Amino acid sequence: MSDVFSDAEREDLIARFRQLYSASVYDVLWKRGLTGQCMDTRIAPLDPSMVVAGPAFTILGGPDPRGGDEYVEPEKMRDFAMLRVPEGHVVVVETSGEEIAGCWGELLSTVAQQNGARGVVVDGGTRDAPLLRKMTDWPVFARYSTPVDSNGLWRWNDFDIPITVRGTRTARIRVNPGDWIFGDEDGVLVIPRDIVMDVLIEAEEIKETENLVRQELNDGASFLDVYARFERF
């Protein structure tokens with residue numbers, strides 16, 4: 001995986017993104033013709049206050065051909081991948097449509113966070129939701145929670161490769177290693193890494209404009225006058 005930002009630059013971008021909201025970031029992507037960058041909105045935070053931001057560390061998994069009737073030893077692929085999660089990155093998991101098992105949990109989160117990861121987005125299920133919500137500054141976005149273990153049902157196949165997750169306006173969204181992830185209560189966005197700085201700056205400008213609009217409306221200005229000046233609602 002190549003990260004175009006230094007550690008200090010990446011931390012600054014993460015902090016700035018966390019001050020924004022996904023609607024403004026989506027508007028920037030939309031104006032650029034990138035209308036299909038929003039993940040399926042059923043991929044949601046375990047707690048509405050959670051916000052995730054950072055470059056993607058991708059994981060690909062799929063059905064376990066061994067079946068789910070007997071316990072099998074955890075595969076080495078998972079153990080190796082967890083040692084490779086880069087600092088400052090967001091883990092993004094493609095589950096290949098898994099709808100039963102929990103493909104992520106609290107212990108995996110603990111290891112990833114210890115490595116410096118900034119959260120996880122799973123196009124599938126998690127386990128240990130009560131414990132995950134108690135972790136400090138660890139955003140978790142997933143399609144569902146379940147007590148069902150993935151052992152024998154679902155397994156890790158590869159990591160740090162291009163993956164796809166389910167989308168809103170498109171059936172699938174490609175996530176490349178190093179693409180930026182930004183998500184809040186409204187949804188999760190995939191930002192191509194080569195435009196992430198431009199998107200961030202434009203979204204910050206939108207936030208500043210909307211703050212001015214909000215202030216003028218609260219001060220009693222008319223809708224038509226405010227719109228004529230800012231063309232933003």
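Accessible areas in this account come from the Shrake-Rupley method with a 1.4 Å probe. On that basis, the protein chain of this predicted model exposes about 11,300 Å², of which carbon and sulfur atoms supply 50%. Buried residues make up 48% of the 233 residues in the chain. The chain has seven helices and 11 strands. Among contacts in the chain with a separation of 6 or more, 75% are accounted for by residues 24 or more positions apart.

Helix α1 covers residues 7-17 and contains both Asp7 and Arg10, which lie three residues apart, about one turn of the helix. An α-helix has 3.6 residues a turn, so residues three or four places apart point the same way. The side chains of Asp7 and Arg10 meet in a salt bridge, with a distance of 3.0 Å from N to O. Arg10 has a relative accessible area of 3% and is therefore buried. Just after α2, Gly33 takes a positive phi of about 85°.

Ser96 is one of them, with a phi of about 60°. Ser96 lies in the loop between β3 (90-94) and β4 (102-104), and it counts as partly exposed because its relative accessibility is 41%. Asp160 likewise is not a glycine and has a positive phi of about 60°. Asp160 is found in the loop between β7 (154-159) and β8 (163-166). With a relative accessibility of 19%, Asp160 counts as buried, because the limit for that class is under 20%.

Together with Val148 and Leu153, Ile100 forms a nonpolar patch on the surface, and the three have about 230 Å² of accessible area together. Glu99, in the loop between β3 and β4, is paired with Arg166 in strand β8. The side chains of Arg166 and Glu99 meet in a salt bridge at 2.8 Å, N to O. Because of where these two residues lie, the pair ties together parts that are 67 residues apart in sequence. Arg166 is buried, with a relative accessible area of 16%, whereas Glu99 counts as partly exposed at 45% relative accessibility.

The count of salt bridges comes to 14. Another of them joins the side chains of Arg42 and Asp40, again given from N to O, at 2.8 Å. Arg42 is exposed, with a relative accessible area of 58%, while Asp40 is buried, with a relative accessible area of 8%. Both residues belong to a network of salt bridges that links Asp40, Arg42, Glu99, Asp123, Arg143 and Arg166.

A pair of aromatic rings is described by the distance of the centres and the angle of the planes. The count of aromatic pairs comes to five. In one of them, the rings of Phe57 and Phe159 have their centres 6.0 Å apart and their planes at 40°, so the pair is tilted. This pair links distant parts of the chain, for Phe57 is in strand β2 (residues 52-63) and Phe159 is in strand β7, 102 residues apart. Phe57 and Phe159 are both buried. Elsewhere, Phe5, Phe17, Trp180 and Phe182 form one aromatic cluster.

Finally, the cysteines may be considered. How many disulfides does the structure hold? It holds zero. Cys38 counts as buried, at 11% relative accessibility. Cys103 also counts as buried, at 3% relative accessibility.

Note on methods: Residues numbered from 1 in each chain as written. Predicted model: local features only at pLDDT ≥ 70, side-chain atom pairs only at ≥ 80, totals over all residues. Heavy atoms only, no water. Helix = DSSP H or I, 4+ residues; strand = E, 2+ residues; numbered from the N terminus. Buried < 20%, exposed > 50% of the residue type's maximum accessible area, 1.4 Å probe, protein only. Phe/Tyr/Trp six-rings, centres within 6.5 Å; stacked < 30°, edge-to-face > 60°. Patch = residues over 30% accessible without salt bridge, like charges linked within 9 Å, V, L, I, M, F, W, Y side chains within 5 Å. Salt bridge = Lys/Arg side-chain N within 4 Å of Asp/Glu carboxyl O. Disulfide = S-S within 2.5 Å. Contact = heavy atoms within 4.5 Å.
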